[in-house]
Amino acid sequence: MSMLRRRKGSAAKKSQNSETQLDENKEKNDNHLQEKLNSNAANLKGNVNCNLKSKSDEKFRKKWNCVDNCCWFIGCICSMWWFLLFLYNAMPASFPQYVTEAITGPMPDPPGVKLAKEGLTVKHPVVFVPGIVTGGLELWEGHSCAEGLFRKRLWGGTFGEIYKRPLCWVEHMSLDNETGLDPPGIKIRPVSGLVAADYFAPGYFVWAVLIANLARIGYEEKNMYMAAYDWRISFQNTEVRDQTLSRIKSNIELMVATSGGKKVVVVPHSMGVLYFLHFMKWVEAPAPMGGGGGSNWCADHIKAVMNIGGPFLGVPKIVSGLFSAEAKDIAVARAIAPGVLDIDVFGFQTLQHVMRMTRSWDSTMSMIPKGGDTVWGGLDWSPEEGHECNAKKPRNNNMQTAGPNNGTGNSTSATGVKYGRMLAFGKDVTDLHSSEIERVDFRGAIKGNNLANITCRDVWTEYHDMGIGGVKAVADYKVYTASSILDLLHFVAPKMMKRGDAHFSHGIADDLDDKKYEHYKYWSNALETKLPMAPDMEIFSMYGVGIPTERAYVYKFSPAAECYIPFKIDTAADGGDDGPCLKGGVYSVDGDETVPVLSAGFMCAKGWRGKTRFNPSGMRTYIREYNHASPATLLEGRGTQSGAHVDIMGNFALIEDIIRVAAGATGEDLGGDQVHSDIFKWSERIKLKL
Amino acid sequence: MGSILRFLKLCVLEPVKSGELYEKKAQIKLDNEKKSFEIPKIEKKDKGLSEEKKRKRRPNKEWRCIDSCCWAIGYICTIWWLLLFMFQCLPGLKVPEPPGTRLKREGLIALHPVVMVPGIVTGGLELWEGRPCSEGLFRRRLWGGSFTEIFRRPMCWLEHLSLDNETGLDPPGIRVRAVPGLVAADYFAPGYFVWAILIENLARIGYEGKNMYMAAYDWRLSFQNTEVRDQTLSRLKSKIELLYVTNGNKKVVVVPHSMGVIYFLHFLKWVEAPPPIGGGGGPGWCAKHIKSIMNIGPAFLGVPKAVGNILSAESKDVAFIRAMAPGLLDSEILGLQTLHHVMRVSRTWDSVISLIPKGGETIWGNLDWSPEEEHVCNSAKKMYQQDFDNNGNNSDSRRLFQVQEPTKYGRIISFGKIVSDLPSSQLQTLASREFMSNNSSSNSNAACKGLWTEYDEMSRENIRIIAENKAYTMKSLLDLLRVIAPKMMKRAEAHFSHGIAENLDDPKYNHYKYWSNPLETKLPDAPDMEIYCSYGVGIPTERSYVYKQSPSGRCNSIPFQIDSAADGSENGCLKGGVFFVDGDESIPVLSAGFMCAKGWRGKTRFNPSGISTYIREYKHKAPANLLEGRGSESGAHVDILGNAALIEDVLRVAAGASGSELGRDRIYSDIMKMSKKINIQL
């Protein structure tokens, strides 16, 4: 007995538990002795008549009832659990690796180890800029419902609070509708330091693998810096509220100074790419709007910007996110916690709550597709047309490569999918030629006829301000291209877009020397800013390819339009065999699951290639694509060859590239471009003045 | 309880019972089962019944022991969970209102950025590169947090926390670095707050990540080496400048604690000194960027217990390692040599040397004299009584004690209790350096080589001579340390100095080794700056030791140990071989308060610009009951960071108040009187 008890003590995590246990144990031992004596005496008596004993046995057995059985059951489970836990803890740390190697053969050396053997050592300090949703946020001040959460993570980590107090959580994560800053009485701030985004949730790495590999060649806290920022608010507001941009500037200057004048290598990921673009303009702009670093700041402090999965031109899925809160996932939130956004949690209005929350985040608007029809295609053309969507199929299905023509289809086989129509109401509309579509302009439509009833009031999605007329007008317009989507969003969510327009712009500049482009709202748009004058700087665009990525949507009316969001992705719209690009109402294209190749690669492939008006100093650009290969077995976790938007951070080839550059290599040393997709062909089709 | 008893009966007694039964039955040559067969012979009716019973009992017997165990565990767990659940459901115990909330109502709001400088041992350290034995610990905390690795791989842990003997920097292939950010020292271990309460209260009046900064540094290194290896001082400088600029050109309030106080003193000199050894901030840097320095539990003049630690790894605790994990340093874990291992590791830490008492006999007293000699040692309990009683009683007890010979605190180490009382004329005085003469024969044998404590390089003879020298004052103690641990002292004395400057303008004082000694540096030229000395009083604090030679013979034994049998009279200052004095459990009042009380008070040569200084003492009051945890009125060295009065002071200053608005000095101890007794050129 005591053996068991002791094991339990060692295995149980709660040390207090074991302490009290010890006390109890002692107590029991005492009792135990006493009992022994008693029973010895009793035994003598008991011997005289055994009947007595059997009787007491019987009595006892009756007491062994349901409660005891329950206790027994719990005890059994607990002991087993502790035993396993004990075994697990006693297991040497290398055991899982050993098992993996036994099954899949020896693993390749992590790139850090390999390169350390090659003799690479620390040279340039490294700055990480995390993307949207991957950075942790913690509570600094909250309403009474958030008691006890001071400096605990509300975003990132275990997300335990969502389940414990969902409405409180949503309330705290939302920003103010008008200002886009903190609501009164609530302060949520980004976690700082490498811990901000090394792991998003326990076991779900973001930067951790890269950090670990950099450490192998000698990096440590003093020459790595995580530029964590509050990814919910607009870029300029991070400076207004938290002085984040100043902080980044000061840290980069410090690192350059303390590492003997070595320039930094910046590694932004996802939205961080735009954020850093903004930073580069900000830092050279004169104070008070800018950082006052002078026109040589970037040239003096930055060696290379290695953008990972950069949505330079926006992300189509953000449109559906804003429109109906339905994007398959906004980066990883849904992938990680698929249950979180489901109906059960907040009662029946989950999606509305989510929409209300995400619509209060200005930063999402930075990723609305930029460049309008010029980049994303009009009603009848798109740069990606001709893309073959069966890329994902051949793995399980040996379908012929030329899927489209099975006779029945109309002229689609020639033109391919009309990606330019980013939103279409009804599947049939997506295929029709533009002349055949009847459209009714929604812009003048009268909103009104408020159909919101009182119960819906607490959820602010702006949809109940629209009224039936407005909703119908939206659907009647049938087809939206990238530029009309902006109008649509203005129509659907005027308040949000008004806030967003003050901070972001989505057009293409005609004349970059125009004074108006000195305003900060243009800084994060690659098509409306010039790169800094830094001819020695290098820009890399690194992204995964080979995963179908959302590009355009088929929508329908949502049935009960009363309390709900009135539009919905038409998941029944399926291309079938002749249109493999359409699946569940979503047209997909090549990309890294979140960002289409076009958005990630265009600037480096064409917009900034050579000396253009966007890149006046002619800094060199490189495209590094990584073909997606999903992990062979479950044991590999998220794989070392993944091309997915976040998982690519664990891609060994990418990590190797980053380490080489950090240790001093140039883009040429890496081998220049590495292209798997049709990015150059597609870029060619985009007619953009350079 | 009843059911537990029943379980015990079942589990343990049943087998006993049946065993005994068996013996008894053996007399009748019938075992239990046969007897049950016997019974049916007499009564046929019963036969069927009893056989049925037997069938039932078979499975039951197997059921018993293991199942009962399971049952009991389940039972306990269920109750535990139930209690836990109830505890969670309980409405929060009525906590006294935190000072932050109250002050917010008063209208205080965040104004000056706050920089916190943690002390020794309270900052977390994490692994960046290690030997194979530390696999899987990358970026995990080796120091701070749950310390689980000590138990799992103690030798590996020690190896990684040690520094190089020669350089005082990382050993090759090992990189252990300070954890950055507020998390570095908010909690030392789960539930054991250090800065957390202060941070929380600051947050209540509007502070957040952007206007608070934790200047975490690797507290094992010498101060200048933190700059050499990690550029920590540059980082701190840049951070303060950033805080200053981003908060609307508001000067920072610096809150250093314990060793952080002298670290920051070092910084003050470093930042204004010209490069390459300094930060090149120029002479006006401090005046421009720093509003006030609120030293908490400052170890300005060193800590006597550091001596005990170096000599025999035995101080009652270095800060609170031992208090935290009393079992940790005990013999069981690392075999017999725990103390040696600890000594070996801590002797590689240069920073410990920074805590050796400074100022020699002038400050700490000589054989016959010490500034604290009139201290009334009736321990914490009586101290309270004195406060509550009226003056008459107070003077009574004082008279009572003055009858006794005052304690000779000046003898920091004495061998044998008698020696500590003898008048100096009767002491056998060796010339302080005599024992250095015969330093030739080394008695280390091969088996002991594994541990580097430097003791094995000393001869028995030397050790005897050391012990015969009987009493050591601060001056001779430094010589003693140089003999006992020559390598360590050589390394460390390149980084620290423990004297008093004759002439502060001497160019030699431009060297960084003097920067952390307040008696050998001038404060920066910043007349508007304010310096606070905030510390707890009312706790007996180690001041000097009675040593004895440890029973020799064993390989590797540390030759000296505190003579814990040496006990003074009932109310004496001597307890378990240690003389106590007033302080905050780690730092005597003298060390914490002297600089603010006298050394820097007014315009002195140490304080040429006349920076105003304030003493804020906080009387220790142990928490009334266990529910209070570590109490909000504690004066203990680390617990004081949760002291509501101290927090209020910090908050007020951070929100813009000056020392005179706080009410200037706040003194409970005899610090002013003690300081007066110290004759130092000002």
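Where in chain A is A:Asn651 found? In this predicted model, A:Asn651 sits in the loop between strand S17 (620-627) and helix H24 (652-662) of chain A.

Another asparagine is worth a look. A:Asn237 belongs to helix H10 (residues 235-242) of chain A. Its relative accessible area is 6%, so A:Asn237 counts as buried too. Once neighbours within four places in sequence are left out, A:Asn237 touches A:Thr179, A:Gly180, A:Leu181, A:Asp242, A:Asp362 and A:His503.

Stepping back to chain A as a whole, the chain has 26 helices and 17 strands. Of its 690 residues, 56% are buried. Take the contacts in chain A between residues at least 6 apart in sequence: 75% of them join residues at least 24 apart.

How far can the chain A model be trusted? Chain A has a mean pLDDT of 76, with 72% of its residues at 70 or more. Among the elements of the chain, strand S8 (residues 264-268) of chain A has the highest mean pLDDT, at 94, while helix H18 (residues 412-415) of chain A has the lowest, at 41. Residues 1-20 of chain A have pLDDT below 50, and this stretch makes 23 contacts in the model beyond near neighbours in sequence. The pLDDT is also below 50 over residues 449-459 of chain A, a stretch with 25 contacts beyond near neighbours in sequence.

Next come the aromatic rings. Over all chains, the structure holds 37 aromatic pairs. One of them is formed by B:Trp143 and B:Trp157, whose ring centres are 5.9 Å apart and whose planes are at 15°, so this pair is stacked. B:Trp143 comes from strand S3 (residues 141-143) of chain B and B:Trp157 from helix H6 (residues 154-161) of chain B, so the pair ties together parts that are 14 residues apart in sequence. B:Trp143 is buried at 3% relative accessibility, and B:Trp157 is buried at 10%.

The rings of B:Phe223 and B:Tyr263 are arranged edge-to-face, because their planes are at 85°, with centres 5.2 Å apart. This pair links distant parts of the chain, 40 residues apart: B:Phe223 is in helix H8 (residues 223-230) of chain B and B:Tyr263 in helix H10 (residues 259-272) of chain B. Both B:Phe223 and B:Tyr263 are buried. Over in chain A, ring pairs join A:Trp155, A:Trp169, A:Phe200, A:Tyr204, A:Trp231 and A:Trp361 into a cluster.

Finally, a helix from each chain. The axes of helix H11 (residues 244-258) of chain A and helix H9 (residues 232-246) of chain B come within 10 Å and cross at roughly 155°. H11(A) and H9(B) are therefore roughly antiparallel to each other, and their crossing is right-handed. Residues that meet here include A:Ser246, A:Arg247 and A:Leu254 in H11(A), and B:Ser234, B:Arg235 and B:Leu242 in H9(B).

Key
Residues numbered from 1 in each chain as written. Chains lettered and ligands numbered in written order. Predicted model: local features only at pLDDT ≥ 70, side-chain atom pairs only at ≥ 80, totals over all residues. Heavy atoms only, no water. Phe/Tyr/Trp six-rings, centres within 6.5 Å; stacked < 30°, edge-to-face > 60°. Helix = DSSP H or I, 4+ residues; strand = E, 2+ residues; numbered from the N terminus. Buried < 20%, exposed > 50% of the residue type's maximum accessible area, 1.4 Å probe, protein only. pLDDT = per-residue confidence, 0-100. Contact = heavy atoms within 4.5 Å. Axes fitted to C-alpha atoms, helices over the stretch in contact; angles between N-to-C directions. Parallel < 35°, antiparallel > 145°, perpendicular 65-115°, else oblique. Left-handed = near helix turned anticlockwise from the far one by under 90°.
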